[in-house]
Amino acid sequence: MREIIANQDLLAYCGLYCGACKQYLAEKCEGCKKNIKSEKWCQLKNCCKENNYQTCADCSTFATTESLKNCKKFNNIFSKIFSLLFRSDRASCIGRIREVKSEKFVDEMAKNKICNKSVYYPEGKIGS
């Protein structure tokens, strides 16, 4: 079983943090960026790779968290199913990355042992 550590390489293109995911920790997955199979169906991953983005937070076309709703790669049937099944909020993750940059975001996610959403109170604690 892997331990949760802060590692930039485990930040998924969509803003989720693979380093705290149960599948990653159980050694059943290597994380988004090493998952070659997802390149067949994940338009978002392919877009980020084509544009040399670390995450969707780097995209200037959809520069606000609200405008991400208009991105057909970020907001499509796969992402809606994924969000429902894993109770994830990728838009809040991208918003937080834009606010504090990826290094601090990864540190926060690892520290709080969370992979699928980023809801912060002003004092920096994760809310529900």
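E108 sits in helix 4, which covers residues 90-112; helices here are DSSP runs of H or I with at least four residues, numbered from the N terminus. The model is a predicted one, in which local features need pLDDT of at least 70 and side-chain atom pairs count only at pLDDT 80 or more, while totals for chains, interfaces and linings use all residues. Residues are numbered from 1 along each chain as its sequence is written, and side-chain values use heavy atoms, with hydrogens and water left out.

**Helix 4**

Is E108 buried or exposed? E108 is buried, at a relative accessible area of 10% (buried means under 20%, exposed over 50%, partly exposed in between, with a 1.4 Å probe and protein chains only). The side chain of E108 also makes a polar contact of 2.6 Å with the side chain of R96. Such a contact is a pair of N or O atoms within 3.5 Å; within protein, one must be able to donate a hydrogen and the other to accept it, and residues adjacent in sequence count only if both atoms are side-chain atoms.

After helix 4 comes K113, with a positive phi near 55°.

**Pockets**

A pocket is an open set of points on a 1 Å grid over the protein atoms alone, where a 1.4 Å probe fits, with protein on both sides within 12 Å along at least five of seven lines; lining residues have an atom within 4 Å of a point. Volume is the space filled by probe spheres set on the points, which are joined across faces, edges and corners.

| Pocket | Volume | Top contributor to lining |
|---|---|---|
| Largest | about 800 Å³ | helix 3, 4 residues |

The largest pocket is lined by 30 residues, and L16, C18, C21, F82 and F86 are the closest to its centre. By class, its lining has 17 nonpolar, 8 polar and 5 charged residues. For the second largest pocket, the lining has 3 nonpolar, 5 polar and 4 charged residues. Ala, Val, Leu, Ile, Met, Phe, Trp, Tyr, Cys and Pro count as nonpolar, Asp, Glu, Lys and Arg as charged, and the others, Gly among them, as polar. The residues lining the second largest pocket include T65, F74, S83 and R90.

Methods:
Helices (H or I, at least four residues) and strands (E, at least two) are DSSP runs, numbered from the N terminus.
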